[in-house]
Amino acid sequence: MNRQAQAVILLLVGGAVLRASLTDQYLNYVKPGLQPYLILSGAILVLAGVFSLWYELRPARRAVAESAAGAAGGSAGVPEGAAGVSEHDGHGHDDDGHGHGSGGPKVAWLLLLPVFGLLLVAPPALGSYAAGRSGAALVEKSDFAPLPAGDPVKLTMLDYASRAVFDRGTSLGDRRVELTGFAMRGPGGTWLLARMMVSCCAADARPVKVALAGQLPDGLREEQWLRLTGTYTDRQLKDTVNGETIPFIEVSGSTLIQPPAEQYES
């Protein structure tokens, strides 16, 4: 890999990061608050790639390279021991014939793999497959604020699960709540509503799970996104992955929806 190839890879990586961060695609990998940093990083990589290409392809640089190549060709009449020195630098590294040296390790080509992944494949957000292999996440609290106004009141999955488990539904009462998540099978074939919770990015994502009782839509399948309304029930079950408690919700109504742009909860 010579320096021109390195510059092209910088351009590709920076372009892929910019493409993801300027669309909703970045939400499959990181939380929304990181978008400005992604845009800045991508722009820096693109500028570095453009500057590197300009530096390597500018006329003065090419003239120096051609001069070096001519000097190397003149070594044919030099004794054998001296000619060997012209093929290596002072530290024994191979020269590419243009005075650039080896240019870098071949492993650098592996940088193209995530680039092609973002440009061609665009991996989706984590769903039921990842949630089924991770234990349910809860955040223990001792004090819960009163529910906001509204009927139904919109809650995050984590807020409902934490109130149902640690507050035993006291702050929920008989209020109707609205939750949004994707369907998946749980212990004993029970239908669960789940959503991945992230602190930073998909690498630290953990699922919040709520078991479903009551009226469920016909033909429900895993990975389908639901917006449902329901009320608290004291039924619970244990997650078979980590033994964490999974609360139930008594579903009174549900709607199949398209996956939202922001599929993770922060």
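E178 is buried, with a relative accessible area of 15%, where buried denotes under 20% relative accessible area, exposed over 50% and partly exposed the range in between, as computed with a 1.4 Å probe on protein chains only. The model is a predicted one, in which local features require pLDDT of at least 70 and side-chain atom pairs are counted only at pLDDT 80 or more, whereas totals for chains, interfaces and linings use all residues. Residues are numbered from 1 along each chain as its sequence is written, and side-chain values use heavy atoms, with hydrogens and water left out.

E178 forms a salt bridge with R227, the closest N and O atoms being 3.8 Å apart; a salt bridge is here a side-chain nitrogen of Lys or Arg within 4 Å of a carboxyl oxygen of Asp or Glu. Because R227 lies in strand β5 (residues 225-238) and E178 in strand β2 (residues 177-185), the pair ties together parts that are 49 residues apart in sequence. Helices (H or I, at least four residues) and strands (E, at least two) are DSSP runs numbered from the N terminus. In contrast to the buried E178, R227 is partly exposed, with a relative accessible area of 37%.

The search of the whole structure finds four salt bridges, including one between D239 and K209, whose closest N and O atoms are 2.9 Å apart. This pair also links distant parts of the chain, with D239 in the loop between β5 and β6 (245-257) and K209 in strand β4 (residues 206-214), 30 residues apart. D239 counts as buried at 4% relative accessibility, and K209 likewise counts as buried at 4%. A further salt bridge joins D159 to R163, with 2.8 Å between the closest N and O atoms; these residues are four apart in helix α7 (residues 157-166) and are therefore separated by about one helical turn. D159 is partly exposed, with a relative accessible area of 23%, whereas R163 is buried, at 5%.

Aromatic contacts were assigned to rings of Phe, Tyr and Trp (its six-membered ring) with centres within 6.5 Å, planes under 30 degrees apart counting as stacked, over 60 as edge-to-face and the rest as tilted. By this rule the count comes to three aromatic pairs. F51 and W54 form a tilted pair, 5.6 Å centre to centre and with 40 degrees between the planes; being three residues apart in helix α2 (residues 35-57), they are separated by about one helical turn. F51 is exposed, with a relative accessible area of 51%, and ring pairs link F51, W54 and Y55 into a cluster. The rings of F182 and W225 have their centres 5.6 Å apart and their planes at 65 degrees, so this pair is edge-to-face. Since F182 lies in strand β2 and W225 in strand β5, the pair ties together parts that are 43 residues apart in sequence, and both F182 and W225 are buried.

Charges were also examined relative to aromatic rings, a charge sitting over a ring if NZ of Lys or CZ of Arg is within 6 Å of the ring centre and within 35 degrees of the ring normal. The charged end of R133 sits over the ring of Y129, 3.7 Å from its centre, and R235 lies over the face of F248, at 4.1 Å from the ring centre.
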